[in-house]
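Hi,

Here is the structure I promised to pass on to you. Have a look at it first, and then read on for my notes.

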Amino acid sequence: MKNRMFLSVIVAMAAVGMWSCSQNSDGGVTDVSNQTLKEAITNSADQVSTAMSDISSSDGYKVITSGNSNLKSADVSATGDEMFSDSITLADVSGVYEYQDSVLNEMHWGYSSYMYNHFKMTADTSLFIIKLPEKLAVHHPEYCFYKPQQDTDTLVNNFVITTSKYRYKYAFPGGLSYSLGSDIAVSDTAVGNLDIEWMMGSPEKPYSYASTFTFASGYAVGMQAERTDTTKLYDYNLSDGDQTLYDEMVQWSKDTGTGVYTKVHSLTIGDVKIVHTHTADSDSLEVYKGGELQQNATVTVVDNSNQNDSDAEYTTFCNKYRDYEITFDDSTTVLLSDLLGPTRDTLSQLFTSMHEMKFATHLVNYIAWNVYYRDKMKLNDN
């Protein structure tokens with residue numbers, strides 16, 4: 001823990017030194033020190049809006065926001081009967097599997113349901129490659145596991161998931177080690193890359209989840225969640241290459257000696273960072289531009305209904321729990337939500353999907369389990 005804190009301090013110090021310059025929309029370098037705080041946050045908000053406009057119109061956005069709303073999220077699915085105590089590696093499921101409308105066989109799945117086999121192995125490979133119709137992958141993934149739906153036999157397998165990293169190890173009731181790395185393409189055009197690392201049940205860190213989706217355009221969106229006996233941490237990130245466009249982190253921590261809780265909420269939009277630190281006895285709000293504290297500007301939290309709310313995941317700007325009013329040195333004010341407008345709604349949906357990641361937990365996993373248990377049953381029959 002001490003080493004991690006020391007590393008964070010070094011990274012923060014380095015960021016202050018580098019933050020005075022940032023990349024502009026033309027690919028050049030903008031000297032942030034020559035901008036006012038108002039100019040910096042307006043320009044940064046514009047960059048976020050431009051990025052989200054590009055992302056929300058992409059095939060990658062359709063992929064990571066897909067899935068039946070009734071399906072469980074990654075946060076809770078490991079506690080339900082949908083998870084199986086077993087260990088599955090990439091080698092166990094390697095091959096090329098293509099969707100077919102006809103059913104070869106059916107498998108007992110859980111206590112009262114059946115999973116039908118709609119995927120036929122068509123080639124050998126060291127990777128795990130799934131080919132299925134885009135309509136099913138994005139709009140109706142549940143059709144892949146039940147009886148054939150009408151007219152699905154006319155669909156083309158133009159949606160390809162190429163998985164080069166897969167590890168699933170689950171020991172009931174809560175020990176999980178999960179890793180996934182997949183490239184996704186639609187009609188031979190790259191859509192993006194998905195990476196997930198997820199662990200549950202370790203003594204030091206009972207819950208750890210991190211997912212990143214890198215779009216074909218170069219934008220990347222990530223979500224991180226950690227929970228221990230004394231901390232809760234959630235972080236949401238949007239970047240363009242090495243440039244951070246948006247980062248929001250909320251962390252609750254408990255001092256084991258005094259029992260005092262501290263909540264730190266930080267929000268970074270391009271070159272502007274707002275830091276809110278709250279304890280039972282103190283409350284501070286600071287705003288930085290290019291890593292420098294803005295002495296003549298003030299920030300106020302608005303629409304914050306319950307400062308003591310311990311559900312850290314949702315006490316964020318992107319989830320509309322809070323908003324910020326910034327007063328500049330010329331006495332003019334602006335609401336952060338007004339600067340971003342409908343972009344905040346898109347950010348909220350994007351980050352929520354990155355945590356639920358139904359595409360991975362309810363499509364890739366189910367097909368992998370289908371393949372694994374089908375082969376396992378064949379071995380048991382011999």
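Helices (H or I, at least four residues) and strands (E, at least two) are DSSP runs, numbered from the N terminus. Before the details, please keep in mind that this is a predicted model, where local features need pLDDT of at least 70, side-chain atom pairs count only at pLDDT 80 or more, and totals for chains, interfaces and linings use all residues. Residues are numbered from 1 along each chain as its sequence is written, and side-chain values use heavy atoms, with hydrogens and water left out.

First, the overall picture. The protein chain has 8 helices and 22 strands. Of its 382 residues, 46% are buried, where buried means under 20% relative accessible area, exposed over 50% and partly exposed in between (1.4 Å probe, protein chains only). Contact means heavy atoms within 4.5 Å; among the contacts in the chain with a separation of 6 or more, 56% are between residues 24 or more positions apart.

Now to strand β10, which is where Ser-179 is found. Ser-179 counts as buried because its relative accessibility is 1%. Leaving aside residues up to four places away in sequence, Ser-179 touches Lys-165, Tyr-166, Arg-167, Ile-196 and Glu-197. With Glu-197 there is also a side-chain polar contact of 2.8 Å. By polar contact I mean a pair of N or O atoms within 3.5 Å; within protein, one must be able to donate a hydrogen and the other to accept it, and residues adjacent in sequence count only if both atoms are side-chain atoms.

Next, the aromatics. Rings of Phe, Tyr and Trp (its six-membered ring) pair if their centres lie within 6.5 Å; planes under 30 degrees apart count as stacked, over 60 as edge-to-face and the rest as tilted. The whole structure holds 13 aromatic pairs. Tyr-166 and Tyr-178 are an edge-to-face pair, because their ring centres are 6.0 Å apart and their planes stand at 85 degrees. This pair links distant parts of the chain, with Tyr-166 in strand β9 (residues 159–171) and Tyr-178 in strand β10 (residues 175–186), 12 residues apart. Tyr-166 is buried at 3% relative accessible area, and Tyr-178 is buried at 1%. Tyr-366 and Trp-369 make a tilted pair, 5.3 Å centre to centre with 55 degrees between the planes. Both of these residues lie in helix α8 (residues 358–381), 3 residues apart, about one turn of the helix, and both are buried. Together with Phe-145 and Tyr-168, Tyr-366 and Trp-369 form one aromatic cluster.

Two arginines are worth a look as well. A charge sits over a ring if NZ of Lys or CZ of Arg is within 6 Å of the ring centre and within 35 degrees of the ring normal. The charged end of Arg-227 sits over the ring of Tyr-207, 4.2 Å from its centre, while Arg-344 lies over the face of Phe-317, at 4.5 Å from the ring centre.

Arg-344 is also one of the buried residues of helix α7, a list that includes Leu-347, Leu-350, Phe-351 and Met-354. Helix α7 (residues 343–356) has 14 residues and reaches 20 Å from its first C-alpha to its last, close to the expected 20 Å; the expected span is 1.5 Å times one less than the number of residues. After α7 comes Met-357, with a positive phi near 45 degrees.

What about backbone angles elsewhere? Most residues other than glycine have a negative phi. Ser-187 is not a glycine, yet its phi is positive, about 50 degrees. Ser-187 is in the loop between β10 and β11 (189–200) and is partly exposed, with a relative accessible area of 44%. Ser-331, also not a glycine, has a positive phi of about 75 degrees. Its place is in the loop between β21 (323–327) and β22 (333–335), and Ser-331 counts as exposed at 60% relative accessibility.

Finally, the cysteines. How many disulfides does a search of the whole structure find? There are 0, a disulfide being a pair of cysteine sulfur atoms within 2.5 Å. Cys-144 is buried at 1% relative accessible area, and Cys-318 is buried at 0%.

Enjoy exploring the model!

Best wishes
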